[in-house]
Amino acid sequence: MWTFNGQYSAVLPIGDPTRSFADGLSWRGATIDIEGGATDHLAIGASVGWHVLSEQNTATSLFPDAVLSGAGLRHMNSVPLLLTGTVTLGSPGGVQPFFGAGGGVVWVENRTEAGSFVLEDTNWHRGVMGEAGIRIPRARGATITIGARYQRAFEVSGVEREYVTFSLGYLLGG
Amino acid sequence: MMGGTRGRTRCAALGSVMAVLLAAGACYPGQIQGVDEPDVVLTVFDSSAAFGSFTTYAMPDTVIRVDGQGTNLLPSPELDQQILDAVATEFAALEYTRVTSEAPGPPDVVVLLTVSASDGSLWTSDRWWSNWGWFPGWTSWYPAWDVNWMLRYPWAKTYPGVRRSGTLLITMIDPDHDGSEPQSIPVIWASALDGLYLGSEASVVSRFQGLVRQAFHQSPYLQRARP
């Protein structure tokens, strides 16, 4: 039985490489999970997300063969594409804690706008995630999900990114 | 009917969620339009260039000013000489030796300074940038370089940008570097200092030395290799 979970996600950067590029909590993110139940408490599927970090700062941005320094806007757009597995505890129909993990690829675009200059660096990274949260059933088969997910994009060309998303979702199916 | 009502409710809820997701996923929030913030330094380089092997350079004693039509404008001698001195100081710190157009042999690299009088593409390769007619070294060292030759920036598509009025562009050319196209003058390093020539003369003078120093600080590969 398949489930579809559409989530609104807030994004918090962690780790020095990510925070030095764009720091601060971002309210711009979305995550979609589609999973099928292998057993009553185990589901496997896929996840796609779109997570944004941005900051106006005065910093130096490094690119493979360019450097841009000065006051400007720095944006990170991250699109993780993952295969996932989720374990739910408790009884169906009640509040259920869940834990999940996944791996796949993450498309990351780092963009710096300073003055009249715009520099972009785009890479595909290997990525992993781990998450925990709860599912709260509502009437008529829908479920509210609340969770936190750690997301990491491994280093490519000297760039790595990691952040945590805090998501509120609406799950259908199951 | 209850089933139909339930289905429409779910669709409405799902649609609301999707609308929120799409609205939340803006790519570049707060994208600046026409920002007027000075003091931005961009440096780019050709990673295939033989940095570290250069020991001599030539640099004209004038800062070119060009408008959108490629017309050379009158220079500002008072400011220009200070800019040229600042760049020469940085090259001296890198242990480069400056040569003139009267030198018997060509320099390892040629450095040109240009200030824009209007907006335009940062990495233009059009002939309107009539620097060679103005730089005597071209005819003595590279007599084949006529107005049909063009500057080529290998990073032009990767790092596009706009020159605004007042942008100072420092360009380094390696004549021996393989050009990507026939009759192309290979540019191996460039620095764009945005907004440097904006504001009062006192403002410019107070800022430019720091910006020029920053441009070279961002380019450690320019350092001459130790024997």
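View 1. Among chain B contacts between residues at least 6 apart in sequence, 78% join residues at least 24 apart; two residues are in contact if their C-beta atoms, placed from the backbone, lie within 7 Å. This is a predicted model, in which local features need pLDDT of at least 70, side-chain atom pairs count only at pLDDT 80 or more, and totals for chains, interfaces and linings use all residues. Residues are numbered from 1 along each chain as its sequence is written, while chains are lettered from A and ligands numbered from 1 in the order in which they are written. Chain B has five helices and ten strands (DSSP runs numbered from the N terminus: helices are H or I, at least four residues; strands are E, at least two). Of its 227 residues, 35% count as buried (20 or more other C-beta atoms within 10 Å of the residue's own).

**View 2. The largest nonpolar core.** This core has 58 residues. A nonpolar core is a set of buried Ala, Val, Leu, Ile, Met, Phe, Trp, Tyr and Cys residues joined through C-beta atoms within 7 Å. A:Ala66, B:Tyr57, B:Val111 and B:Ala190 have the most contacts inside it. Strand S10 of chain B (residues 184–194) gives the most to this core: seven residues. Apart from it lies another core, of ten residues, including A:Leu53 and A:Tyr163.

**View 3. Paired strands in chain A.** Strands S4 (residues 66–88) and S5 (residues 96–114) of chain A run antiparallel, joined by 16 bridges. Strands pair if DSSP finds at least two bridges between them. A:Thr86 has A:Gly100 in S5(A) as its bridge partner.

Note on methods. A residue is buried if 20 or more other C-beta atoms lie within 10 Å of its own, exposed if 12 or fewer, and partly exposed in between; C-beta atoms are placed from the backbone.
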